[in-house]
Amino acid sequence: MLKRLAVENIRSYRQLDISFSNGVTVVSGVNGSGKSSLLEACFTGLFGSKTLDRDFVLSDIITRGATKASIVLEFEQNGHDYSVEQSFRNDPEKGRASNTRSVFIRDGEIIFDQATRTYEAVTSLLNMDEEAYRNCVYIRQGEVDVLINARPRDRQKMIDDLLQLGKLEEYRERASSARIGVGRHQRDNERRIKEISKEMGSLEDSDPSGRLASLQTRSGQIDTELSSLNEKRDRTLSLIDELSKKLSDLSELSSKKEALQQQIKELKDKRSKSFLSIDSLSKDMSLRRGQLKSKRERVSEIEIRLSIDQKQADPFVLKLDGQERFLRDGLADIKSKKAVYEKDLLNTASSIKENEKQVKSLEDARKDAVLRIKAVNEDISKHQLSIEELETRRKEAVSKLGSLGLTPEKLENIDDVLDLVNDQHKRLHGREAGLKVKISEIREGLERSKKLLEAGKCPTCGQDLKDSCVEESTSSYEKTLAELEADLSKLKNDQADTKARIDKVRSARTCKSELDAIMRSLESEKEAIERGRARIEEYQLKIKEDELKAEELLSGRGELEKTMADARANIASMKQQEESVSKEHSTILEKISLAREMQRILIEYDKTDSKIKQMDDKIKSIREMISLYDGQIGEKKTSLNEIDGKIGQIDRKELESLSSQYDLAFRAINSEIGRLKLEKDDVMKKAGMAENDRKRLAGIRGDLRRFKNRADYLDAVYSDAEELEAMYMRIRAQLRSSNICTLDMLINEIFSFMYSNNAYSHVQLDADYNLTVFEKDGTALEPKLLSGGERALFNLVLRCAIYRLLSLGTSSQDGRGLPPLIMDEPTVFLDRGHVHQLIKLIDMMRDIGVAQILIVSHDESLIDSADHVFAVEKDPVTNTSDIYAR
């Protein structure tokens with residue numbers, strides 16, 4: 001039983017919280033107010049996104065522009081309180097939505113918090129999925145022909161699923177699949193028995209046990225032979241090692257001899273190189289002593305030139321450095337001052353040139369202004385001549401206007417006058433055309449009357465026309481024609497006058513245009529003269545200003561020339577001071593150079609003297625090394641003589657001959673051992689194959705026994721599966737037959753109740769689930785041939801019968817435990833009479849124990865049969881729906 005529905009941002013409901021009670025509940029409201037959205041919220045609350053059709057997506061049920069939505073549906077089942085909470089997230093820009101949370105709650109405890117598990121819990125609790133819920137409980141708007149037009153097979157599957165008969169079919173299919181699988185295993189088992197039997201016969205023919213015994217005997221023989229050969233090989237190898245050691249000792253002595261000879265040679269080479277080093281050092285010492293002599297002479301020469309002793313060189317250099325720094329700073333100061341005076345000289349010269357340039361520029365500007373004044377005066381003269389010509393033309397135009405009887409002051413509205421005269425001319429022309437048409441018509445009538453009068457009688461009736469209306473009309477036509485021709489003549493005279501006035505106005509307008517152009521030209525020429533005179537005044541003012549500037553520049557040039565002469569005098573003075581100080585500075589630098597040369601020579605002298613002493617010490621050291629080399633050479637020669645004595649006691653050729661013989665014998669023994677090992681490997685391989693064949697034969701015999709036992713087991717299972725499949729088919733057929741009879745009875749019971757005064761007698765549901773409606777005269781009709789209202793009512797009868805069948809099969813007699821019966825706009829396609837029958841059907845379903853019926857309808861007729869009534873209204877401004885109890 002539904003207890004409460006709370007939604008947020010679902011369809012047109014921003015917020016909704018409604019409670020349901022047992023009995024008949026009617027939700028009323030105009031079309032489009034949001035009634036059906038209430039039922040869709042209940043449906044989606046139970047089954048989540050599974051309720052969506054192929055043509056809809058999840059975002060379609062969420063309020064436009066909302067980013068989140070939710071549905072909470074509370075209901076009662078078998079004494080327990082349940083709640084299903086569905087939460088959604090929406091992206092309005094992309095039009096995508098998702099089911100973010102789905103919670104299943106029982107008696108206040110969260111059982112599942114995952115969409116799939118919640119869906120499975122609801123379907124298990126209700127014993128139906130969303131499709132079965134639509135087919136039995138939830139009669140949706142407009143689904144009039146779903147069950148009527150369904151194929152019998154689909155109708156059968158629908159009803160079987162509602163009554164859980166689909167489980168029997170599922171079990172039968174499982175039994176059938178098991179039987180087929182067992183049959184496949186039986187065929188595989190028979191094939192394996194044949195393969196094993198064939199392989200076992202082949203192995204028994206090869207006698208693996210006999211082969212294994214023969215091969216094991218040969219293997220023992222090979223092991224004995226290998227043991228003997230290994231002993232021979234070990235003895236030969238021992239002798240070879242002994243000979244190898246003797247040859248190795250001989251090679252080692254030879255190597256030592258060669259090493260000693262090489263060492264003696266290297267020591268002799270070092271001794272010779274040492275003597276060469278002594279000669280080289282002696283020559284270098286002699287050369288350096290000569291350099292010391294020349295350095296002493298150069299120092300004496302510098303002492304004479306500087307009048308100092310070599311011991312006074314360092315303080316003398318310090319004194320000269322101070323003097324040199326003082327003179328260098330003074331020279332730099334003189335050069336800096338000279339540079340400043342030279343810069344001032346250049347700047348002054350540049351200023352004089354700029355002064356001359358500005359004076360020349362001002363003179364050029366004055367000459368250009370004089371020329372421009374002359375040109376402007378010439379232009380003013382031309383403009384004055386143009387003014388005189390334009391005045392002459394203006395007087396001629398005024399004279400022409402006077403000949404037309406007009407003055408310039410009367411030409412202000414000449415265009416309006418021309419428009420009025422043209423309009424008058426057009427009206428006269430229109431009147432002329434109308435008069436001409438009337439005259440033409442009257443002349444035609446006059447001709448007809450004259451012809452009749454000439455004939456004397458009417459051509460139709462033969463009546464005499466004298467003194468008749470024809471004669472009177474002829475006289476009237478002649479009078480009217482004369483009046484119209486007079487009016488036409490007067491009208492033509494008026495047109496001629498108007499044409500003359502138009503020509504005069506046009507001439508006046510031409511004169512006005514010409515006069516306006518002349519006046520504009522006069523104004524333009526006068527303005528040009530004024531502009532020229534203003535320009536002359538500007539040029540004259542500019543000439544005066546330039547003359548004043550030139551005078552100022554000429555007066556400033558004398559001061560610049562005096563400044564330039566002073567700068568040149570200062571530069572000459574600085575040059576004399578620079579030459580004097582430079583000469584003194586050069587003398588000091590020369591003395592500093594000689595003093596520093598003395599310092600350098602003294603330092604080099606000390607270094608050279610020290611180097612000579614080092615060379616003398618090195619010669620003494622080398623002579624000591626030569627004595628050491630002589631002692632080592634003697635020791636090496638003694639060792640060499642001892643090694644020559646040992647080598648003479650050994651015969652190398654005899655040792656090498658014996659070693660070669662033993663090597664040949666060792667290779668022959670190894671070759672025989674290798675042959676026997678290969679034979680042993682082959683024997684062991686064949687023995688292993690024989691052992692594997694023997695074990696394989698024993699294993700195959702066991703496999704054959706197992707496969708035969710398995711064949712017996714599979715035969716028994718196959719028989720059980722066949723019996724189980726037949727049992728499920730038999731039970732389902734019995735239950736389906738019982739359901740068909742019960743459903744046929746329920747359909748006819750409700751049908752008779754609904755159609756008691758109608759032309760139909762009963763409905764037949766055959767074993768293949770085909771539906772047929774019979775008229776009272778016995779005529780059989782297909783339900784889809786009924787009228788729209790009758791099909792809608794028949795659909796409700798069929799749905800209610802299925803609902804009752806479900807209640808008989810799954811619930812107690814009081815109807816508890818079943819979902820509510822939900823109808824969405826059931827009065828669609830029904831007229832007033834059929835609506836009355838629908839009310840009877842609702843009352844009957846309530847009377848037979850349906851505890852909760854929920855109806856959504858815009859038809860107020862159903863309210864009288866309701867226990868609870870709610871009204872839905874939609875705000876046209878916000879497009880949101882509200883619901884309230886009535």
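Which residue takes a positive phi in the hairpin of β1 and β2? Arg11, near 55°, with two residues between the strands. Before I go on: this is a predicted model, where local features need pLDDT of at least 70, side-chain atom pairs count only at pLDDT 80 or more, and totals for chains, interfaces and linings use all residues. Residues are numbered from 1 along each chain as its sequence is written, and side-chain values use heavy atoms, with hydrogens and water left out.

Strands β1 (residues 2–10) and β2 (residues 13–19) run antiparallel, joined by six bridges. Glu8 faces Gln15 of β2. Strands are DSSP E runs of at least two residues, helices H or I runs of at least four, numbered from the N terminus. Pairing takes at least two DSSP bridges.

Next, helix α1, residues 35–47. Twelve of its 13 residues are buried, so the rest of the structure largely encloses this helix. Buried means under 20% relative accessible area, exposed over 50%, partly exposed in between, with a 1.4 Å probe and protein chains only. Among the buried ones are Leu38, Phe43 and Phe47. Just after α1, Gly48 has a positive phi of about 65°.

Now Lys575. This residue sits in helix α10, residues 469–648. Lys575 is partly exposed, at 43% relative accessible area.

Last, the lining of the second largest cavity. Strand β4, residues 68–77, gives the most to that lining, with three residues.
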